[in-house]
Amino acid sequence: MRYLPGILLAAALSTTMPAGAAVMFSDNFDSFAPSSRTNVTDLPGWQTVGGSVDYVHKQNPWGIQCSGGSNACIDLDGSTGNAGRFQHGAGSISFLAGQTYELSAWISGNQRNAAADNLLFGVSGAQSDVFTQTISNLGWDAQFQKYSLIFTATADFSGSIFFEDLGGDNVGAMLDEVVLSSMDSLLAAADTLPDGNGNGNGNGNGNGNGNGNG
């Protein structure tokens, strides 16, 4: 985990969005194209840095199913064999001091009997990652489930959200249903439930940490 000075991040894995949450951004990738495309670079609102991702339509030759049978999803390890960082915002998303946010997505294994995947997702700032959440050893047959990251900033900053498969074998974890929301307050510990595998911590003018196992 890397952080920007002056920004406190507290993270938790959650299955419930508290009252007062407001969606800032969402994308299910369904309307981009009527068929699968490898090494896609022109998906609206997204950039791929340092590698590639593939756009997978539900009618595909690989037998891949998207979340809930939806029209499309993203293979995070593209056909170049070099998984890229898939990001939205290009440093333009405003995060406000004292505000709590949730970044969530539905993620599955690669569905192609390949090696397990390791992933990072989270928020990056102008110079470095503000917070990263790890998903470790995601099996190829792991079903879609929702992974959520909750964090609070103590200083205003602008950044991006991102998802990154750490593999490089042309067969990556599948991403769908991305949502970034702002919240009135962080869930109390008693109200949180584990949702997937991950751990994280944050430091700035204070300390925060969160972990979950599923």
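Keep in mind that the model is predicted.

Start with strand E3, residues 54–57. In a regular strand, side chains alternate between the two faces of the sheet. Here, Asp 54 and Val 56 sit on one side of E3, with Tyr 55 and His 57 on the other. Are those faces covered or open? Both are covered, and all four of these residues are buried. The partner is E4, residues 72–75. E3 and E4 run antiparallel, joined by 4 bridges. In that pairing, His 57 faces Ala 72 of E4.

Next, Leu 138. You will find it in strand E8, residues 129–138. Its relative accessibility is 6%, so Leu 138 counts as buried, the cut-off being under 20%. What does Leu 138 touch, beyond neighbours within four places in sequence? Its contacts include Ile 107, Ala 116, Leu 119, Tyr 147 and Ala 173. Asn 118 is 20 residues away along the chain, yet its C-alpha lies 6.3 Å from that of Leu 138.

Now the phi values. Which residues other than glycine have positive phi? Take Ala 90, with phi near 45°. Ala 90 belongs to strand E5, residues 85–95. Its relative accessible area is 56%, so Ala 90 is exposed.

Then Asn 170, with phi near 75°. Asn 170 is in a loop, between strands E10 (157–165) and E11 (174–183). With a relative accessible area of 32%, Asn 170 is partly exposed.

That covers the stops.

Conventions. Residues are numbered from 1 along each chain as its sequence is written. This is a predicted model: local features need pLDDT of at least 70, side-chain atom pairs count only at pLDDT 80 or more; totals for chains, interfaces and linings use all residues. Side-chain values use heavy atoms; hydrogens and water are left out. Buried means under 20% relative accessible area, exposed over 50%, partly exposed in between (1.4 Å probe, protein chains only). Helices (H or I, at least four residues) and strands (E, at least two) are DSSP runs, numbered from the N terminus. Two strands pair if DSSP finds at least two bridges between them. Contact means heavy atoms within 4.5 Å.
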